[in-house]
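Visitor: Walk me through this one, please. Start with the terms.

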Amino acid sequence: MARRSHLIVLSLALSLLVPQLATSADDISTARRDMNGVTKRLNDLDAWFSTANRKQRGLQKDLRSTDQSIAATNQAIKRIESQLNDTREALTALNNEMTALETQRDEQAQRIGDHLAAAYRLAGEDFIKLLLNQEDPQRIDRMLRYHRYFSAARSEALDAYLQTMAAIATNAAQTSARETALAEQQSKLDAQRQEQLSQRRQRTQLLASLNDEMKGKSKERTRLVDDRARLETLITELNRRAGSIDGAAFARSKGKLPWPSKGTLAHRFGSQRAGGLLKWQGIFITVKEGSPVSAIAGGRVAFSDWLRGFGLLTIIDHGSGYMSLYAHSDVLYKRVGETVKGGEALATTGRSGGQSESGLYFEIRFKGAAVDPLAWLARR
């Protein structure tokens with residue numbers, strides 16, 4: 001009862017600390033700044049750590065920083081990989097163009113050779129004799145026209161040949177530049193991957209330190225209770241701020257919604273955790289790091305940030321009191337206030353927030369209360 005009273009007081013104090021969100025749907029930037037303030041107070045408020053020591057608070061802050069660094073590095077890697085793919089495609093196109101140009105050059109060279117051979121025959125001794133002997137004027141006139149024709153054809157062929165050679169030279173320069181850019185991007189990508197490996201090693205060490213600090217089921221329960229209380233306060237605040245989205249379509253989709261991520265269902269709603277001292281309020285899907293996380297339905301992003309105990313977390317408001325939560329991501333794609341469609345990518349799976357195994361923690365809420373997600377998701 002004392003803990004419950006303490007949480008109620010904390011919730012009231014937090015609501016007093018946080019200014020009212022502007023009701024205008026266009027004031028997204030104000031909403032984001034305001035929500036950043038809520039998140040900071042939830043993560044840093046000393047009252048949440050009544051049973052924890054200063055060292056543990058420092059480790060949690062380090063964990064948050066490391067999770068965010070990994071997310072930023074993943075984003076950078078994604079951009080570089082996209083640039084690499086573009087460069088490879090451009091290089092392939094240039095090589096194909098070079099092959100076509102070389103074939104064209106060979107054909108033009110053959111054509112020029114044929115013109116030269118014909119011109120030689122036309123300008124040989126027979127033609128000179130015709131002129132000197134003043135033979136058939138019509139025949140002479142005809143051969144002069146042929147000569148002019150071959151001369152013009154030779155000139156055109158030579159011009160085309162020179163243009164082809166210039167194009168080959170340009171292509172070679174572009175190909176060389178692309179190859180250099182490809183090598184630089186590959187080197188940059190390798191460096192980013194090494195940086196990420198270093199960050200992940202750092203996170204592993206942090207998790208080991210946290211686990212040492214939290215040994216024992218009673219301590220684990222205390223941590224989970226604090227994490228849950230923090231989430232409940234956030235949900236209450238988000239419900240207070242909720243807009244006028246119509247959730248009728250979401251309600252009609254019960255039992256037919258797509259799964260937020262492909263993977264193995266590791267923990268069900270209501271199953272025991274922390275040695276039977278607590279129960280899961282959502283489901284946990286085990287899936288490899290970097291797998292896509294998708295919105296189960298359309299709505300508006302109500303929260304997109306790091307929350308202690310849940311790592312990088314996205315919360316979607318589907319209207320009429322319905323919300324969905326996606327936790328422990330490695331990268332977040334959406335920001336507060338953005339509208340999303342069902343199936344749209346929100347994040348990638350990971351281990352943020354102190355999670356020992358890679359996966360997605362997922363909840364569905366109705367008017368703040370957790371409901372069984374499996375009753376809403378399509379059978380598979």
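Guide: A residue is buried under 20% relative accessible area, exposed over 50%, and partly exposed in between, using a 1.4 Å probe and protein chains only. This is a predicted model, in which local features need pLDDT of at least 70, side-chain atom pairs count only at pLDDT 80 or more, and totals for chains, interfaces and linings use all residues. Residues are numbered from 1 along each chain as its sequence is written, and side-chain values use heavy atoms, leaving out hydrogens and water.

Visitor: What does the chain average in pLDDT?

Guide: The average is 76, and 66% of the residues score at least 70. pLDDT is the predictor's confidence in each residue, from 0 to 100.

Visitor: Where does pLDDT stay under 50?

Guide: Residues 1-25 are one such stretch, with 28 contacts beyond four places in sequence in the model. Residues 45-52 are another, with 20 such contacts. Contact here means heavy atoms within 4.5 Å. Where pLDDT is low, the predicted coordinates should not be read in detail.

Visitor: On to the core. Which residues touch the most other members of the largest nonpolar core?

Guide: Phe250, Leu257, Ile296, Tyr326, Leu346, Phe362 and Leu377 do, out of 26 residues in that core. A nonpolar core is a set of buried Ala, Val, Leu, Ile, Met, Phe, Trp, Tyr and Cys residues joined through side-chain atoms within 4.5 Å.

Visitor: Which elements give two or more residues to this core?

Guide: They are α3 (54-122), β4 (283-286), β6 (299-307), β7 (311-319), β8 (322-332), β10 (345-349) and β11 (359-366). Helices (H or I, at least four residues) and strands (E, at least two) are DSSP runs, numbered from the N terminus. Apart from this core lies another of 16 residues, including Leu234, Trp280, Ala327 and Tyr361.

Visitor: And what does leucine 346 touch?

Guide: Leaving out residues up to four places away in sequence, the contacts of leucine 346 include Val293, Thr314, Ile316, Tyr326, Val331 and Val340.

Visitor: Now β7. How many of its residues are buried?

Guide: Nine of the nine are, so β7 is largely enclosed by the rest of the structure.

Visitor: Which strands does β7 pair with?

Guide: β6 is one partner, antiparallel, through seven bridges. β8 is another, also antiparallel, over six bridges. Strands pair if DSSP finds at least two bridges between them. Tryptophan 306 stands opposite leucine 312 in β7, and isoleucine 316 has serine 324 in β8 as its bridge partner.

Visitor: What about the turns?

Guide: The hairpin of β6 and β7 has three residues between the strands, with glycine 309 at a positive phi of about 90°. The hairpin of β7 and β8 has two residues between the strands, and serine 320 there takes a positive phi near 55°.

Visitor: Is β11 mostly covered or exposed?

Guide: Mostly covered, with seven of its eight residues buried. Leucine 360 in β11 is the bridge partner of isoleucine 285, while tyrosine 361 is that of alanine 327. β11 also pairs with β12 (residues 369-371), antiparallel, over three bridges, and there arginine 365 stands opposite alanine 370.

Visitor: Different topic. How many salt bridges are there?

Guide: The count comes to seven, where a salt bridge is a side-chain nitrogen of Lys or Arg within 4 Å of a carboxyl oxygen of Asp or Glu. One of them joins aspartate 227 and arginine 230, with the closest N and O atoms 3.0 Å apart. Both sit in helix α6 (residues 217-241), three residues apart, and are separated by about one helical turn. Aspartate 227 is buried at 3% relative accessible area, and arginine 230 is buried at 0%.

Visitor: What does glutamate 232 pair with?

Guide: Arginine 365, at 2.9 Å between the closest N and O atoms. Glutamate 232 is in α6 and arginine 365 in β11, so the pair ties together parts 133 residues apart in sequence. Glutamate 232 is partly exposed at 24% relative accessible area, whereas arginine 365 is buried at 1%.

Visitor: Where do arginine 351 and glutamate 289 lie?

Guide: Arginine 351 lies in the loop between β10 and β11, and glutamate 289 in the loop between β4 and β5 (292-294), so their pair ties together parts 62 residues apart in sequence. Their side chains meet in a salt bridge at 2.5 Å, N to O. Arginine 351 is partly exposed at 27% relative accessibility, and glutamate 289 is partly exposed with a relative accessible area of 27%.
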